[in-house]
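Please look over the model below before reading my points. They cover chain A as a whole, one of its sheets, and a helix pair in chain B.

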Amino acid sequence: MQVTKNSGTDAAATSEPKKADSSAIELESVTRRFGQVEALSCVSLCINRGEFFSLLGPSGCGKTTLLRIVAGLDLPDEGAVRIGGVNVHDVPAHRRPVNTVFQSYALFPHLVVFDNIAFGLRMKKVSSSAIAERVKRVMAVVEIASLADRKPSQLSGGQKQRVALARAIVNEPQVLLLDEPLGALDLKLRKQLQVELHQLQRRLGITFVYVTHDQDEALTMSDRIAIMNHGRIEQLGAPEELYERPRRRFVAQFLGSCNLLGGAVKSRDGSVVSVQTGVGVLKVDLGAQMPDAVQRGYLALAIRPEKVVLDPAGAGINCVRARIEATVYSGAETQYLLRCGEHPLKACLMNATAGRPGLRVGQEVGVYLPPDGLIPLED
Amino acid sequence: MSVARRAGGTGPIIVQSMQRERNIEVQYGERLTRGAHFIRSALTSGPGLLWMQVFLLIPLLAIVFISFLTRGAYGEFHRPLTLENYARLLGFGPFGFDSLYPAIFLRSLALGAFTTVLCVLIGLPLAFFIANLPPRYKTGGLTLVVIPFWTNLLIRTYAWQILLAPQGWLSRLAATLGLVSTDTPLYPGLFAVGVGMLCDFLPFMVLPLYASMEKIDWNIVEAAMDLGADHRQAFRHAVLPQVRPGLVAGSVLVFLPATGQFVIPDLLGGAKTALLGNAIQQQFGPSRDWPFGSAIVVAALALVIAGLWIQARFAAAKGEPLAP
């Protein structure tokens with residue numbers, strides 16, 4: 001009796017760390033309601049150890065709520081949260097092995113930079129010599145060594161951001177939660193800090209959970225992204241997977257820009273399907289995947305503007321005629337707003353050579369929509 | 001005058017003159033010549049300034065001057081200028097050391113401190129509670145705090161005398177509950193003084209505290225918790241520093257008048273002890289010793305100014321806005 005009991009607890013003890021090895025954070029059917037509104041609807045998610053994980057979505061999609069639940073600043077109505085394999089339902093915020101970089105930085109206004117960064121260590125009663133050493137080291141890492149005696153009110157936005165980051169990572173958390181940390185900075189600084197944050201994450205090996213509504217930020221920095229909308233995860237995957245193979249309309253439109261075409265399925269030949277869209281009949285090879293919608297005789301397709309090929313004389317399969325309605329020049333590339341019958345189409349061409357190609361507003365062109373650029377959507 | 005004028009109907013705008021007319025200033029979008037500006041300021045601010053000069057500054061200077069004179073046999077003033085009054089205040093009277101006036105000062109300061117501490121202990125949770133009420137109840141909560149303030153001080157104090165009277169139901173209730181022994185009345189005594197002072201000064205503490213609590217940035221409190229502070233530490237390191245301007249302002253607003261208050265301690269404390277207020281009244285009234293009364297006033301004023309100065313220096317060193 002006693003022996004079996006022991007072996008039972010042993011098994012539990014060994015299985016727990018195994019889980020902890022692979023995943024830093026696990027969410028299981030987490031639901032959070034605010035009154036009538038469901039901010040999170042049954043979200044399940046597994047974030048790997050050492051990963052740069054982004055939660056991307058429009059404002060109000062629940063991404064910040066999710067982050068706050070992990071931090072312990074909010075509690076789920078249903079579901080379980082595990083950090084490092086441990087269920088943290090009963091663990092208050094101040095005892096969780098995570099730290100947060102707040103959107104508004106939330107630096108202590110009455111403390112100088114050094115004391116701001118030392119706060120977490122002081123709460124843990126670390127000896128003052130160890131605090132001095134660790135704070136100095138972290139300040140060097142985020143390049144604010146010269147600001148130790150400044151008050152937050154004497155710092156620029158970028159400097160505040162670095163202090164907020166230093167204040168969190170000095171505690172060496174298992175997971176660092178970042179809530180739109182670069183949202184308040186200007187574009188150039190944001191780009192620079194994106195690179196720095198990414199390198200920092202690689203160097204420290206800490207799991208980063210990064211909340212943002214900026215798709216460029218998510219695409220350039222993340223190992224994996226979860227795209228959220230209305231409290232649900234729409235799709236989860238590596239950046240190129242999400243961009244090249246969005247499964248749903250929302251993801252296709254939210255990430256980058258895209259042309260949506262859809263229509264009745266006219267014929268099927270093995271995995272190749274012909275669809276009667278607003279711009280004409282398009283052929284697309286669905287390969288192994290066959291959305292349910294095909295069974296119902298309807299298929300939605302998306303194509304990225306840069307996959308669209310403009311060919312003044314083009315004709316043939318997946319080639320339609322369109323009129324150029326406007327061009328938008330933006331330095332590296334030019335966007336062409338086309339109209340094909342009633343249906344608008346966007347095309348995007350890199351300006352590989354100086355001067356403009358002979359495509360003018362009002363001109364008729366052939367538009368080739370290559371079958372491998374057409375993405376079948378599930379909805 | 002105009003820097004730009006259209007030549008003809010549709011032609012280009014021609015800048016004619018970039019010279020700015022002298023004596024014209026633009027303030028908050030309004031154009032005014034300096035003279036008009038001066039006249040307007042004199043008309044609006046002048047009466048107030050004049051009032052302050054005539055009825056505050058000049059009498060105050062007179063009081064300071066009188067405090068260095070001596071009293072004649074019929075209460076008239078005598079020269080030469082002397083520090084005698086101040087020596088007497090410090091206890092060095094004509095008959096050797098006398099602790100009467102130093103004791104009055106200390107007692108008054110103690111009363112002020114006692115009232116301030118009471119108000120902080122009661123006012124801090126109360127202001128916190130009101131600041132966290134749903135918005136539509138906040139005004140109501142604040143009104144309830146201020147209502148006692150609308151009643152006349154004397155009426156309020158007499159009411160407490162009756163309520164706390166030895167045979168009153170509050171006294172009997174306290175005795176029944178074993179809070180006090182049967183033969184100890186709630187009034188007169190320190191408890192009654194505390195109740196009366198609290199009733200009088202609580203709004204001065206709650207209102208500034210409420211104002212600073214309304215503005216608390218809860219992100220900072222959450223950041224403290226996130227960094228490992230428990231509730232107590234988060235309060236100390238994240239809430240209290242944000243509430244401090246209100247706490248300082250409230251303490252100044254309570255401490256200063258409470259130090260000079262003597263009606264409540266007299267009526268509820270049993271009129272057994274002298275305080276600054278009745279000492280001043282005594283000198284200007286029955287004793288007809290204006291020079292000595294003035295010296296008490298000046299000394300009390302000096303204490304107040306010193307206190308405010310220390311507090312301002314303290315606040316400046318901490319880099320926080322100065323309390324009013």
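**Notes on the model**

1. In chain A, 65% of the contacts with a separation of 6 or more are between residues 24 or more positions apart; a contact here means two C-beta atoms, placed from the backbone, within 7 Å. This is a predicted model, in which local features need pLDDT of at least 70 and side-chain atom pairs count only at pLDDT 80 or more, while totals for chains, interfaces and linings use all residues. Residues are numbered from 1 along each chain as its sequence is written, and chains are lettered from A and ligands numbered from 1 in the order in which they are written.

2. Chain A has 379 residues, of which 38% count as buried. A residue is buried if 20 or more other C-beta atoms lie within 10 Å of its own, exposed if 12 or fewer, and partly exposed in between, with C-beta atoms placed from the backbone. The C-alpha trace of chain A spans about 75 × 65 × 40 Å along its principal axes.

3. Chain A contains 10 helices and 20 strands. These are DSSP runs numbered from the N terminus: H or I of at least four residues for helices, E of at least two for strands.

4. Four strands of chain A form an open sheet in the order β2-β1-β4-β5, with antiparallel pairing. β2 (37-48) and β5 (86-87) of chain A each have a single partner strand, so one side of each is left without a neighbour in the sheet. Pairing requires at least two DSSP bridges between two strands; β1 (23-34) and β4 (78-83) of chain A are joined by 5. In this sheet, A:Glu28 stands opposite A:Ala80 of β4(A).

5. In chain B, helix α8 (218-226) has buried residues including B:Ile220, B:Ala224 and B:Met225. What covers the buried residues of α8(B) includes α9 (231-260) of chain B, and also α2 (63-71) and β6 (98-101) of chain A. Just after α8(B), B:Gly228 has a positive phi of about 105°.

6. How do α8(B) and α9(B) pack? Their axes are 9 Å apart at an angle of about 160°, which makes α8(B) roughly antiparallel to α9(B). Axes are lines fitted to C-alpha atoms, for helices over the stretch in contact, and angles run from 0 to 180 degrees between N-to-C directions; under 35 degrees counts as roughly parallel, over 145 as roughly antiparallel, 65 to 115 as roughly perpendicular and the rest as oblique.
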